[in-house]
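Q: I would like to learn how to read a few features of a model like this one. Could you walk me through them?

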Amino acid sequence: MKHIQINELQAASFDKLKTLLEKWGSHYNIVNKILAHSITTGIFQHEFDCRLLDAYAKLNKLVEARKVFELMPSPDVSSWTSLQNLYLKCKQPMKTLVVFSELLLSDFVKPDSHSVVVALSACARRKDLRNGSIIHGMTYKYLQKPRPSVHNALIDMYGKNGRVDLAQRVFGSINFKDVAIWTSLLNGYLLNGDVESAKAVFDDMPQRNVFSWTTMIVGYVRKKNPIEALELFTRMRHADSGEDCTPTTVTVVAVLSACADIGALNLGSSIHGHIIKRIGFGLDITVNNGLIDMYGKSGSLDSALKLFDSMRRKDLFSWTTMISGLAINGRGKHALLVFDSMVASGSVPNEVTFLSVLLACTHAGLVTEGEKLFENFVNRYHMKPKIEHFGCMVDLFVRAGCLEKALVLIESMPMKPDAIIWRSILGACLEHGDLGLAEVAGKKVVELEPDDDAVYILLWSIYRSKNRWGEALKAMKTMRDRRIKKTPGCSWIEVNGVVHEFLAESSRHYVRDSIVIVLDGVIEQSKLDTGLFFFE
């Protein structure tokens with residue numbers, strides 16, 4: 001086939017080269033031959049240059065695309081935009097802005113809506129508010145009637161730069177707002193942590209598509225509101241908006257993450273079946289990783305392992321998720337075997353992988369193995385441990401009763417220990433009766449996290465055990481003065497695929513009265529059973 005292609009090139013006209021480029025444009029070597037022939041025959045400068053630039057751009061060949069661009073005697077605005085897009089696609093947003101500035105200085109063409117959108121996208125990617133604002137001003141100079149895509153890019157740029165107020169101002173100035181513009185404003189609020197405003201925007205939307213629903217669901221998951229995320233997913237599945245609201249991979253992964261957060265195994269399993277039967281994501285590696293995470297955090301390790309073993313291709317996240325699932329379920333030795341298999345497969349662990357495998361050692365009490373892994377982390381893989389890795393090692397030592405090793409490690413840390421590390425020390429000291437060190441650790445936690453209710457209660461217990469009532473009362477008084485309330489306990493229960501949330505001392509649940517009646521019955525029955533036990 002290649003020989004036929006070369007023969008065809010030797011006597012190719014413009015139309016023939018155009019046809020060959022359309023047919024063989026995905027083959028890098030052949031595109032190079034077409035470029036050489038077009039230059040030799042003089043066809044390159046007769047509207048063929050743009051086609052070659054586009055071909056190299058689709059192949060992500062940045063250097064070659066730039067060379068073709070520089071050979072063009074008078075590139076049109078589409079060529080400039082194509083080059084901008086390629087730099088942005090290759091994660092070089094600064095170069096995208098450089099090309100845009102060259103376009104502004106060009107004597108032949110001026111920016112259009114497409115080139116402005118790409119430049120604004122680069123500013124959003126770089127979090128470059130200054131240049132983004134300048135380009136915003138330019139839109140009124142170069143574009144008489146900016147397209148909706150320009151407004152959308154402006155809202156996105158301001159939202160990603162933390163100026164959702166300016167995004168809202170742009171939104172308010174638009175007469176016609178399509179669903180993409182509404183979704184960009186929604187995403188801007190979520191990126192800045194304002195879930196309430198995002199929910200208000202979502203509720204006001206005259207029309208929603210799958211991206212709108214997914215954006216709101218992902219926002220809830222990121223803000224640790226899994227119940228709201230799952231309720232919204234249920235609404236999405238029953239929505240009659242006239243739009244295609246079939247879940248995407250992003251939707252499915254977000255929902256599975258919400259299921260994992262609250263251990264909603266039945267709902268997660270039903271979503272798994274829905275994925276296989278209706279959506280066709282069964283072979284998607286990202287979705288499978290989400291399923292492994294959900295099964296692992298829900299305690300269904302057999303399902304997680306079965307799915308993991310069935311995967312034809314595993315990425316680093318697949319291995320790390322499986323190790324993490326085994327770790328949190330106390331299967332430390334199994335987690336180490338998976339880690340060894342991962343290394344043997346040629347995958348190189350990253351910082352998250354090491355954190356997961358150290359966690360496995362911590363839960364299983366594998367001190368020697370943990371120390372060896374930590375040493376490999378530093379010496380073999382030449383990674384710098386972060387405070388999370390040090391914290392995991394401290395927790396490993398104190399759980400195993402090696403308090404001295406934990407203190408030595410803390411002293412050798414290149415950074416100051418955080419509240420999590422001091423909490424580990426505090427718990428170990430209370431368990432082993434070292435009340436003096438426990439007091440020091442408790443005060444350190446208060447300094448770092450003065451709103452932590454649990455520490456004040458622990459300090460009160462420490463002082464009370466030493467009959468230091470004055471200091472015990474002082475700890476409680478400080479807690480009251482700072483208006484720190486004990487965080488209520490929270491639990492979830494899944495009934496018929498519906499997840500119910502309960503807070504300690506809460507009376508808001510709509511079935512609370514029925515639950516109380518049942519619990520009272522259980523208590524009375526347990527008393528009766530206890531009495532019968534002692535009688536026998």
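Predicted model: local features only at pLDDT ≥ 70, side-chain atom pairs only at ≥ 80, totals over all residues.

Q: In which loop is H382 found?

A: H382 is found in the loop that runs between α23 and α24 (387–399). Its backbone deserves a look too: H382 is not a glycine, yet its phi is positive, about 55 degrees. With a relative accessibility of 66%, above the 50% cut-off, H382 therefore counts as exposed.

Q: Where is K224 found, and is K224 buried or exposed?

A: K224 is found in the loop between α14 (210–222) and α15 (226–237). Its phi is near 60 degrees, again a positive value in a residue other than glycine. K224 has a relative accessible area of 60%, so it is exposed.

Q: How are α22 and α23 oriented to each other?

A: Start with the crossing angle: angles over 145 degrees count as roughly antiparallel. Here the axes of α22 (residues 351–364) and α23 (residues 367–379) cross at roughly 165 degrees and come within 9 Å, so the two helices are roughly antiparallel. Their crossing is left-handed.

Q: Which residues of α22 and α23 meet?

A: On the α22 side they are E351, F354, V357, L358 and C361, and they meet E369, G370, L373, F374 and F377 of α23. By class, this contact has 7 nonpolar, 1 polar and 2 charged residues.

Q: How many disulfides does the structure hold?

A: The structure holds 0 disulfides. For C361, the nearest cysteine sulfur is that of C392, 8.2 Å away. C361 has 0% relative accessibility and so counts as buried, whereas C402, at 24%, counts as partly exposed.

Note on methods: Residues numbered from 1 in each chain as written. Heavy atoms only, no water. Axes fitted to C-alpha atoms, helices over the stretch in contact; angles between N-to-C directions. Helix = DSSP H or I, 4+ residues; strand = E, 2+ residues; numbered from the N terminus. Parallel < 35°, antiparallel > 145°, perpendicular 65-115°, else oblique. Left-handed = near helix turned anticlockwise from the far one by under 90°. Contact = heavy atoms within 4.5 Å. Nonpolar A, V, L, I, M, F, W, Y, C, P; charged D, E, K, R; others polar. Disulfide = S-S within 2.5 Å. Buried < 20%, exposed > 50% of the residue type's maximum accessible area, 1.4 Å probe, protein only.
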